[in-house]
Amino acid sequence: MASQEHDWTNPQAMAIPKEGYFQYEPGNYGPVFPRTPACHGFTIIAKLKPGREESMRSYANTVEKALQADPLFLAPLKLHYLKWVLFDIGSEKYFMYQGIFDTEFDKYTDDAVALFTKSGLQTAFENLEGFPEDWKTNIPAFIKFVRDHHRPSFMEYGEYPYVTADEIKKALKVKKAFGEMLDQMQ
């Protein structure tokens, strides 16, 4: 039987300390954040450069088109979900990036820089104040920006905790194959 920590059969929640980790463990670029029932992830909140709202919104279309051209475009990131939100604080526009993925924080950010550098696409983050212009060649500056703007969760929940995106896809393939087999038997 699986340990309670990684038992996907029962929903789980995890309260996370303000620092974003339980015990300090050094990573390549700062503390290693724990794997939670929702897997790994982060939330960035940063101010949009003035006049960049349309640019940010149109970048969503760029990502959509990249995935239409190559459904595996973002596969190296081992994503479950991304969510982008623009919102106002006073007269200023802010951007919130939420990502849930299977790899730990440093690997995800290393992989993101490599993916966008290789593809030739820019990043939506270029529309954010303080984002390093040399992000493709200065990975520590990229990661510093992400960590400086990351707001750790204080609770995460998983209906099917600790399950990777690949495991979910595999289960759905088995379900489809089983359904097709049952259809043929009728």
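Reply: Buried means under 20% relative accessible area, exposed over 50%, and partly exposed in between, with a 1.4 Å probe and protein chains only. This is a predicted model, in which local features need pLDDT of at least 70, side-chain atom pairs count only at pLDDT 80 or more, and totals for chains, interfaces and linings use all residues. Residues are numbered from 1 along each chain as its sequence is written, and side-chain values use heavy atoms, with hydrogens and water left out.

Me: Is Tyr 59 buried or exposed?

Reply: Tyr 59 has a relative accessible area of 9% and is therefore buried. Trp 84, at 30%, is partly exposed.

Me: How is a pair of aromatic rings described?

Reply: One gives the distance of the centres and the angle of the planes. Rings of Phe, Tyr and Trp (its six-membered ring) pair if their centres lie within 6.5 Å; planes under 30 degrees apart count as stacked, over 60 as edge-to-face and the rest as tilted. The structure holds 21 aromatic pairs. In one of them, Tyr 21 and Tyr 24, the centres are 5.7 Å apart and the planes lie at 70 degrees, so this pair is edge-to-face. For Tyr 59 and Trp 84, the centres are 6.1 Å apart and the planes are at 15 degrees, so the rings are stacked.

Me: Which parts does the pair of Tyr 59 and Trp 84 tie together?

Reply: Helices (H or I, at least four residues) and strands (E, at least two) are DSSP runs, numbered from the N terminus. Tyr 59 belongs to helix H1 (residues 53–69) and Trp 84 to strand S3 (residues 79–89), so the pair ties together parts 25 residues apart in sequence.
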